[in-house]
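Dear colleague,

Please find below the structure that I am handing over to you.

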Amino acid sequence: MLTAEQEPERERWVAWIERQGCEVVRLSRDAYGEDPWRALARLFWEVDGVVLLGFRQLDARNAVWRPDTKEEHASAGWWTTPWLHIEAGMAVALGLPVLVAPETDVEDGVFHPDVWGTQVNGTELSPPGTGAADWLNAVREHRDHRAGTGRDQR
């Protein structure tokens, strides 16, 4: 569920991805069904890369991590849906290039710049595609590799 301000941003990303010559495949909420893991695995088996847009979903600006311990500290602020972290983990496990683009103040899990690197690239949410060249190259390499192995290309 996205806000009225978030919807157009998502559509700008979809348009950018399509302009790069990629097909956008989305798994709607109702497509997850009773076995979301199998649905995600099937989808990820067919794609060459994953983009995760980290929209604000939970206001955690007044939350505290690990209260009453020596590691207690304030929360990062805004969190996105936990499903995106699961999807990122599955994509990484399958060797897919992952691009994450968090909304301002979203830094939980895979959206924290400290975890970006070779397989998980990160960029700002806006404008779409800025800083995504490494990810796009990895997607094209993955596509070319799959084409050479006889798997369906997407």
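In what follows, Ala, Val, Leu, Ile, Met, Phe, Trp, Tyr, Cys and Pro count as nonpolar, Asp, Glu, Lys and Arg as charged, and the others, Gly among them, as polar. Please note also that this is a predicted model.

I begin with the largest pocket. Its volume is about 1300 Å³, and 38 residues line it, with R26, L27, V51, L84 and E87 the closest to its centre. By class, the lining comprises 23 nonpolar, six polar and nine charged residues. Two or more lining residues come from each of α1 (6–19), α2, β1, α3 and α4 (133–149). Of these, α1 gives the most to the lining, with five residues.

I turn next to the nonpolar cores. The largest has 18 residues, and those with the most contacts inside it are F44, V50, L52, V98, V100 and F111. Elements giving two or more residues to this core are α2 (36–46), β1 (50–54), α3 (82–93) and β6 (98–102). The greatest share comes from α3, which gives four residues. A second, separate core has 14 residues, including W16, C22, A132 and V139.

Which residues does V50 touch, leaving aside those up to four places away in sequence? They are F44, A91, L96, P97, V98, L99 and W135. Two of the names in this list, F44 and V98, are also among the residues with the most contacts inside the largest core.

Yours sincerely

Conventions: Residues are numbered from 1 along each chain as its sequence is written. This is a predicted model: local features need pLDDT of at least 70, side-chain atom pairs count only at pLDDT 80 or more; totals for chains, interfaces and linings use all residues. Side-chain values use heavy atoms; hydrogens and water are left out. A nonpolar core is a set of buried Ala, Val, Leu, Ile, Met, Phe, Trp, Tyr and Cys residues joined through side-chain atoms within 4.5 Å. Buried means under 20% relative accessible area, exposed over 50%, partly exposed in between (1.4 Å probe, protein chains only). Contact means heavy atoms within 4.5 Å. On a 1 Å grid over the protein atoms alone, a cavity is a set of points where a 1.4 Å probe fits but cannot get out, and a pocket is an open set with protein on both sides within 12 Å along at least five of seven lines; lining residues have an atom within 4 Å of a point. Grid points are joined across faces, edges and corners, and a volume is the space filled by probe spheres set on the points.
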